[in-house]
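Take a look at this protein model. We will walk through two of its regions in turn.

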Amino acid sequence: MGTKERSVTVIGLGPMGRAMARAYLARDYEVTVWNRTASKADDLVAAGARLAPSVEEALGANELVILSLTDYAAMYALLEPVTAALPGRILANLSSDTPERAREAAAWATRHGARYLTAGVAVSPDLVGTPDGFTYYSGPEDLVEEHRGALEVISRVEYRGEDPGLAALYYQIQMDLFWTSLTAWLHSVAVAEAHGISVEEILPYSVDVADSLSTFFRFYAPRLSAGDDTGDVDRLAMGVASMEHVVDTVRAGGVETGLPEAVLDVFRRGVAAGHANDSLTSLRSLLRAGAVPA
């Protein structure tokens, strides 16, 4: 087995797993890798990694095992047949899934003699191993601290607490904002193009709007914390009128209206609930209606 301080196993060689393995090799770690399609490891092996012939041998090579898989179902598919190799392993699961599945996975790993960390990677593959970006971790704090040096090879460590579900929760919250925002931008590009405006022409203005969002986040956050929905800066009734104009413009360009109509529907329901003269922040109670704890 490799030395704890300078060796690691990486299971799963998609873009993120490959980037992690390369980052460890660049820091002179002994790196063992495994992937269902072994040829994906060819360049890593050429750079000094060891390709394990089986998942079981990959687990046995090192105490610290980084999992970079599609989801937790993929983890179970790989590890269930080789649970005898899990005692004494530290599984840092950087695969994406839900908070509840993360808690279930931590309990499963513990039953099989492994220690477990949930992780949510908030960095793109090209930034792995650089000072930019971070990774959420949750689980035993002593485990994070014991292996902080190895984990920080990937990115900055953001420890969120003992609950194994917390890293997954923080990650999915971030993905909610990321994917909905990026989809909204793509939709706006489609509208621009439908009206004869290229993505290059609209880009500077799109960037201005995107950059302004951080200002709005910082402005509204204290008000949200205080429960202050005063409509002194914006009013939901004005938001309805604005989104109606957006939907009409989108429809006139022959572009799919489902996305802005979904926003307009939420705005209208907020007005119907009596918040016409309140701020957009008043929608929080409507959006949380029926929510269940993670």
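The buried residues of α1 pack against several elements: the strands β1 (7-11), β2 (30-34), β4 (64-67) and β6 (115-122), and the helices α2 (42-46) and α7 (148-154). Keep in mind that this is a predicted model. Which residues of α1 are buried? They are M16, G17, R18, A19, M20, A21, A23, Y24 and L25. That makes nine of the twelve residues, so α1 is mostly covered.

Now check the length of α1, which covers residues 15-26. At 1.5 Å a residue, its twelve residues should span 16 Å. The C-alpha atoms at its ends are 16 Å apart, so the two values agree. After α1 comes D28. The phi of D28 is positive, near 65°.

Helix α10 covers residues 236-252, and helix α11 covers residues 258-275. Their axes come within 9 Å and cross at roughly 155°. Angles over 145 degrees count as roughly antiparallel, and α10 and α11 are therefore roughly antiparallel to each other. Their crossing is left-handed.

Which residues make the contact? From α10 come L236, A237, G239, V240, M243, E244, V246, V247, V250 and R251. From α11 come P260, E261, V263, L264, F267, R268, G270, V271 and H275.

Definitions and conventions
Residues are numbered from 1 along each chain as its sequence is written. This is a predicted model: local features need pLDDT of at least 70, side-chain atom pairs count only at pLDDT 80 or more; totals for chains, interfaces and linings use all residues. Side-chain values use heavy atoms; hydrogens and water are left out. Axes are lines fitted to C-alpha atoms, for helices over the stretch in contact, and angles run from 0 to 180 degrees between N-to-C directions. Helices (H or I, at least four residues) and strands (E, at least two) are DSSP runs, numbered from the N terminus. Angles under 35 degrees count as roughly parallel, over 145 as roughly antiparallel, 65 to 115 as roughly perpendicular and the rest as oblique. A crossing is left-handed if the near helix is turned anticlockwise from the far one by less than a right angle, and right-handed if clockwise. Contact means heavy atoms within 4.5 Å. The expected span of a helix is 1.5 Å times one less than its number of residues. Buried means under 20% relative accessible area, exposed over 50%, partly exposed in between (1.4 Å probe, protein chains only).
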